[in-house]
Amino acid sequence: MVSFTKFISAALLASSALALPHEQPAKRSASSKRGAAYNMADTVNSLTGNTPVTWGYSWNMWSNGILPSEVEFVPMLWGTKMFGGWFSAMQTALASGSSYILGFNEPDNSAQAAMAPTDAANYYREYITPFSGNAKLVTPSVTNGGGSAEGLNWMRTFMDSCTDCGMSVLGVHWYGDSAEEFETFVNQAIAFATEYSLESVWVTEFALNSDLANGASSQESADFLSQVLPWLDGQDMIGRYAYYMCADPYLISGTGLTTAGMAYTA
């Protein structure tokens, strides 16, 4: 492990002046926690308005296009299907300005990365931990499910199995029906992160269930965002967040914004 880490550091130094064409140097800002969860990078241009997003991720190790120069790309190791090419992709991302790496996508969900906590810990240690010191590491992002093998219960087993993994940030997702439910869950995540001495919590997906049911955002979404965004921005333990999602007709409509998109960038 030590020799591999030295190799990664040397490779990053050697490649720091030259990144692959589809990755660009990021101009990071501490002015906003707000991010973009997107599929294609060009859609993020719509979210660079009054309160522009400062970071984005594509559920992928690649940025899938060129992000606005002020938006930091954060790579994700989605799951086992993306192990191939991972180490090369991380050299490119880190040399291009990425300062964080996201862990697996909903490993507690059978329809997503679908991993047992102990298996996830072994994979995390093998594929993500080697970059500790070159970037801050985010845990797998779990759902807000309350079952014994879901959500923060899954995460507890993972954390206890990965005590040497070098993680700094807790990643969570939330889908529900009200601002009150959302704030209750986020407070639980903050308490969990504090218990495990993590520095912050990232809510990398969140939305109302009605958004998913309708396949679009609505005035209800805009009202929800108007309530929870100031609350999130006021929580010292919330490092970053991204509403689901930077796509038509959720936050964007064509090259413009939906009502929820306008609330997200207000």
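Author: Let's start with Thr143, whose side chain reaches the backbone nitrogen of Gly145 at 3.1 Å. This is a predicted model, so please read every distance here as computed from predicted coordinates. The side chain of Thr143 also makes a polar contact with the side chain of Asp108, at 2.6 Å. As for its place in the chain, Thr143 sits in the loop between strand 5 (136-142) and helix 4. Is Thr143 buried or exposed? With a relative accessible area of 14%, Thr143 falls under the 20% cut-off and therefore counts as buried. Leaving aside residues up to four places away in sequence, Thr143 touches Glu106, Asp108, Asn109, Gly151, Leu152, His173 and Phe185.

What covers them? Helix 5 itself runs over residues 179-195, and its 17 residues should span 24 Å at 1.5 Å a residue; the end C-alpha atoms are 24 Å apart, so the two values agree. After helix 5 comes Ser197, which has a positive phi, near 60 degrees.

Now for the nonpolar side of the picture. The largest nonpolar core has 92 residues, and Phe158, Leu170, Phe182, Phe206, Phe224 and Leu225 have the most contacts inside it. Helix 5 gives the largest share of this core, eight residues. Phe224 shows how some of these pieces meet: among the residues it touches are Phe182 and Phe206, along with Ala179. Phe224 also touches Trp174, Ser178, Leu208 and Tyr243, again not counting residues up to four places away in sequence.

The structure holds one disulfide, formed by Cys162 and Cys165 with their sulfur atoms 1.7 Å apart. The torsion about that S-S bond is about -80 degrees, so the disulfide is left-handed. Both Cys162 and Cys165 are buried. Cys246 counts as buried too, because its relative accessibility is 2%.

Notes. Residues are numbered from 1 along each chain as its sequence is written. This is a predicted model: local features need pLDDT of at least 70, side-chain atom pairs count only at pLDDT 80 or more; totals for chains, interfaces and linings use all residues. Side-chain values use heavy atoms; hydrogens and water are left out. Helices (H or I, at least four residues) and strands (E, at least two) are DSSP runs, numbered from the N terminus. The expected span of a helix is 1.5 Å times one less than its number of residues. A disulfide is a pair of cysteine sulfur atoms within 2.5 Å. Buried means under 20% relative accessible area, exposed over 50%, partly exposed in between (1.4 Å probe, protein chains only). A polar contact is a pair of N or O atoms within 3.5 Å; within protein, one must be able to donate a hydrogen and the other to accept it, and residues adjacent in sequence count only if both atoms are side-chain atoms. Contact means heavy atoms within 4.5 Å. A nonpolar core is a set of buried Ala, Val, Leu, Ile, Met, Phe, Trp, Tyr and Cys residues joined through side-chain atoms within 4.5 Å.
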